[in-house]
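Subject: Structure for you to look at

Hello,

The structure I promised is below, with the sequence. My notes on it follow; please read them with the structure open.

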Amino acid sequence: MHYEGILYRPPSEAKSVILQITVGCRHNLCTFCTMYKEKTFRIKSRSEIMAMIKEAQDYNPGAERIFLADGDALAIDTSLLLEILSQLYASFPRLLRVGIYGGPKDILAKTPEDLVLLKAHGLTIVYLGVESGNPEVLKSVCKGVTPEEMISAGQKLKASGLILSCTVIIGLGGKSLSQAHALNTAQVISKIDPQYLGALTLMVDPEAPLAKLIQRGEFQLLDPWESLSELKSMLENLEVSHCVFRSNHASNYLPLRATLPEDRTQLLTTLDRVLKTSALEELRPDYWRGL
Ligand code: SF4
């Protein structure tokens with residue numbers, strides 16, 4: 001299968017067949033992200049997409065999971081997405097789930113009926129990068145939406161019956177906004193109440209616009225212990241009904257997995273213990289961390 005540029009997918013889609021139905025990210029302005037900076041956003045044509053599905057079917061006819069990339073695949077018109085989903089389920093008889101990246105603006109641009117139709121046609125899970133719930137942080141990293149818009153997008157998606165997986169970025173507020181970022185992010189995630197929540201820890205590619213602020217001393221990265229303290233504050237303030245939390249992304253210092261709220265005490269005890277020992281051997285070394 002030919003892919004344009006570097007391909008990204010959520011850790012939980014490691015076993016999925018990846019179909020690159022869009023190229024890049026339509027927003028492409030976030031100052032911490034270089035994933036799609038080399039790509040000009042485009043939606044692949046219907047014929048390109050159908051040829052890709054045929055190629056994937058020849059290569060792996062028994063696929064059970066498919067992930068639709070790149071960063072903004074939900075931006076595709078609902079009618080074409082419905083056609084793609086129908087073709088996928090017709091082509092892969094063992095297909096169980098289809099996942100997709102969706103930006104907040106993509107979700108807000110769909111009607112509730114669109115989202116219900118997509119679910120009825122077999123779209124299963126949408127990955128939404130919330131990143132932060134703090135208005136200042138979202139603005140400073142050029143995320144392009146307010147916390148209120150992020151909440152509306154998340155709630156709208158969840159109301160459709162689709163599974164929602166959100167990600168947040170530890171350290172995105174730097175040292176100066178760490179506490180506000182933790183608290184406001186917990187508040188936004190609590191209001192969205194997703195089924196899955198993933199935490200990443202900020203790592204800045206030297207080519208990212210944020211790297212210039214760091215060089216000028218205008219943004220201070222958190223150290224490992226400050227990152228874990230921020231994560232602890234976020235988890236302490238999170239009120240969710242049933243959420244699988246993971247920090248298994250390669251950027252994190254401490255891989256954790258828990259079901260919230262049931263495992264909250266255990267999770268916080270683990271974080272407390274690691275913070276008290278301050279033993280570097282408890283953490284993933286920096287050279288093993290990755291984006
Ligand atoms: S973080 Fe997401 S929305 Fe922002 S530029 Fe990167 S892929 Fe696009």
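The crossing of helices H7 and H9 is right-handed. This is a predicted model, so please read everything here as computed from it. H7 covers residues 178-192 and H9 covers residues 224-236; their axes lie 8 Å apart and meet at an angle of about 30°. Angles under 35 degrees count as roughly parallel, and H7 and H9 are therefore described that way. On the H7 side the contact involves Ser-178, Gln-179, His-181, Ala-182, Thr-185 and Ala-186, and on the H9 side Glu-230, Ser-233 and Met-234. Sorted by class, these are five polar residues, three nonpolar and one charged.

The H1/H2 crossing is right-handed. H1 contributes Arg-46, Ile-49, Met-50, Ile-53 and Gln-57 to the contact, while H2 contributes Leu-80, Glu-83, Ile-84, Gln-87, Leu-88 and Ser-91. By class, the H1/H2 contact has six nonpolar, three polar and two charged residues.

Next, the ligand. Which residues are around the ligand? They are Cys-25, His-27, Asn-28, Leu-29, Cys-30, Phe-32, Cys-33, Met-35, Tyr-36, Glu-131 and Lys-143. Seven residues of this shell are nonpolar, two are polar and two are charged.

Two single residues are also worth a look.

Ala-208 sits in the loop that runs between strand E8 (196-201) and helix H8 (209-215). Is Ala-208 buried or exposed? Its relative accessibility is 0%, so Ala-208 counts as buried. Leaving out residues up to four places away in sequence, Ala-208 touches Thr-31, Phe-32 and Thr-34. Of these, Phe-32 is also listed among the residues around the ligand.

Arg-264 belongs to helix H10, which spans residues 264-277. Arg-264 has a relative accessible area of 17% and is therefore buried, the cut-off being under 20%. With residues up to four places away in sequence again left out, Arg-264 touches Leu-235, Glu-236, Asn-237, Leu-238, Glu-239 and Thr-259. Among them, Leu-235 and Glu-236 fall within the residue range of H9, the helix that packs on H7.

Regards

Technical notes:
Residues numbered from 1 in each chain as written. Predicted model: local features only at pLDDT ≥ 70, side-chain atom pairs only at ≥ 80, totals over all residues. Heavy atoms only, no water. Axes fitted to C-alpha atoms, helices over the stretch in contact; angles between N-to-C directions. Helix = DSSP H or I, 4+ residues; strand = E, 2+ residues; numbered from the N terminus. Parallel < 35°, antiparallel > 145°, perpendicular 65-115°, else oblique. Left-handed = near helix turned anticlockwise from the far one by under 90°. Contact = heavy atoms within 4.5 Å. Nonpolar A, V, L, I, M, F, W, Y, C, P; charged D, E, K, R; others polar. Buried < 20%, exposed > 50% of the residue type's maximum accessible area, 1.4 Å probe, protein only. Near = heavy atom within 4 Å.
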